[in-house]
Amino acid sequence: MNLRHLFLTCQAQTSPAPFGIEIDRAEGVYMYGPDGKRYIDLIAGVSVSNAGHCHPDVVRAVCEQASKYMHLMVYGEYIQSPQALYAAKLVSLLPENLSNVYFVNSGSEANEGAVKLAKRYTGRQEIIGFRNAYHGSTYGVLSLTSDECFRNAFRPLLPEVRLLDFNSFDHLSQISERTACVIVEPLQGEAGAIVPEEGFLRSLRQRCSQTGALLIFDEVQTGFGRLGKLFAFEKYGVVPDILAVAKSLGGGMPLGAFISSKTIMDSLQTNPALGHITTFGGHPVSCAAGMAALDVILSGNLIPTVENKARLFRKHLENSDIEDIRGDGLLMAVELGKPERLSKFIRLAYENGIATDWFLFNNSSFRIAPPLIIDGSQIDEACSILVKVLKRI
Ligand SMILES: Cc1ncc(COP(=O)(O)O)c(C=O)c1O
């Protein structure tokens with residue numbers, strides 16, 4: 001019985017054609033197969049490993065915390081230093097109204113918690129999202145997915161959900177006094193790295209403020225430096241009422257959070273008490289890892305390097321056999337025009353030592369979202385392989 005056989009027979013599969021690449025270890029921007037084959041990672045575990053794989057500071061923090069305690073009690077009951085210190089660190093980096101952190105386990109849960117919080121605080125029922133957004137796979141946020149192919153088999157979904165077109169200024173008038181919240185990815189990741197039009201997020205903010213709807217930014221994928229600012233909301237000049245984060249938040253360990261003002265967050269304490277609870281949310285080892293990874297990102301001054309790195313990728317690729325490059329910072333989608341080209345490309349890229357991926361709602365673009373620690377020579381090497389592969393498809 002080899003691992004491939006066990007993977008295919010004993011482990012649940014999410015598609016009929018998994019990559020099925022076996023990884024033995026990972027370090028920095030590289031992943032290695034059991035035969036020593038090296039891959040340059042242009043996915044970063046889908047925007048998770050912003051500080052690189054297995055950074056020694058993160059590994060040390062995990063080991064130290066694991067040797068003190070792992071799980072003690074459900075989130076929010078005992079005082080656990082990794083949670084309290086990480087919450088304080090995050091709050092110190094955020095605007096005044098984002099001052100209270102509720103830790104959960106994942107991005108889906110962060111968004112579920114954010115939406116529940118908005119309904120509880122406003123007493124309203126309508127939830128507004130945007131077409132082609134991805135907020136996770138749990139029922140509540142699946143209801144905010146527009147793609148019929150993803151949602152149809154799982155009906156009935158949440159009622160009182162309205163979906164608007166991303167970047168449609170006209171559609172914003174549908175936000176009303178009935179709306180509890182509007183949830184938006186500031187840059188739509190899984191739609192294929194669709195950037196907001198100039199002023200769109202500011203107009204959205206304005207309409208939410210006018211109607212009393214809470215604005216939720218889903219920064220699960222855009223957070224922690226990926227767009228060249230710690231959070232995308234800083235880049236686009238808009239402060240949300242609730243910020244949902246995950247992925248890079250845990251530095252490679254599972255962790256999510258929704259963050260808001262203390263006044264808004266306190267509404268989860270009563271009517272009912274325990275309005276949102278989680279056993280493993282804010283796992284101490286995940287918080288310790290996340291805090292160490294955030295220190296790596298900040299003390300290594302990685303965020304100011306993001307724009308130049310993105311420019312270098314674009315410079316190498318813009319005259320190659322591609323149709324377009326979308327996105328912002330180190331969250332890019334390279335458009336190949338046809339799904340058949342993309343599947344050929346991805347297979348050849350792996351064969352040639354590049355790990356990339358497609359997007360959930362775009363089957364003709366590949367993803368460039370490497371760890372932020374990637375350096376110029378690694379970008380040169382990755383792009384020279386990509387350009388060669390592009391010539392062959
Ligand atoms: C923007 C966004 N929100 C939410 C999620 C769901 O996060 P998770 O898979 O941790 O539940 C994802 C995952 O890709 C995402 O990209």
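In which hand does H12 pass H14, left-handed or right-handed? The model shown is predicted, and local features require pLDDT of at least 70, side-chain atom pairs count only at pLDDT 80 or more, and totals for chains, interfaces and linings use all residues. Residues are numbered from 1 along each chain as its sequence is written.

**View 1. Packing of helix H12 (residues 306-317) on helix H14 (residues 376-392).** The two helices (DSSP runs of H or I with at least four residues, numbered from the N terminus) pack at an angle of about 30 degrees, and their axes are 10 Å apart; axes are lines fitted to C-alpha atoms over the stretch in contact, with angles running from 0 to 180 degrees between N-to-C directions. H12 is therefore roughly parallel to H14, a term for angles under 35 degrees. The crossing of H12 past H14 is right-handed, meaning that the near helix is turned clockwise from the far one by less than a right angle.

**View 2. Residues at the contact of H12 with H14.** H12 contributes Lys 309, Leu 312, Phe 313, His 316 and Leu 317, while H14 contributes Gly 376, Ile 379, Cys 383, Leu 386 and Val 387; residues are in contact if their C-beta atoms, placed from the backbone, lie within 7 Å. These residues divide into 7 nonpolar, 2 polar and 1 charged (Ala, Val, Leu, Ile, Met, Phe, Trp, Tyr, Cys and Pro count as nonpolar, Asp, Glu, Lys and Arg as charged, and the others, Gly among them, as polar).

Terms used:
Parallel < 35°, antiparallel > 145°, perpendicular 65-115°, else oblique. Contact = placed C-beta atoms within 7 Å.
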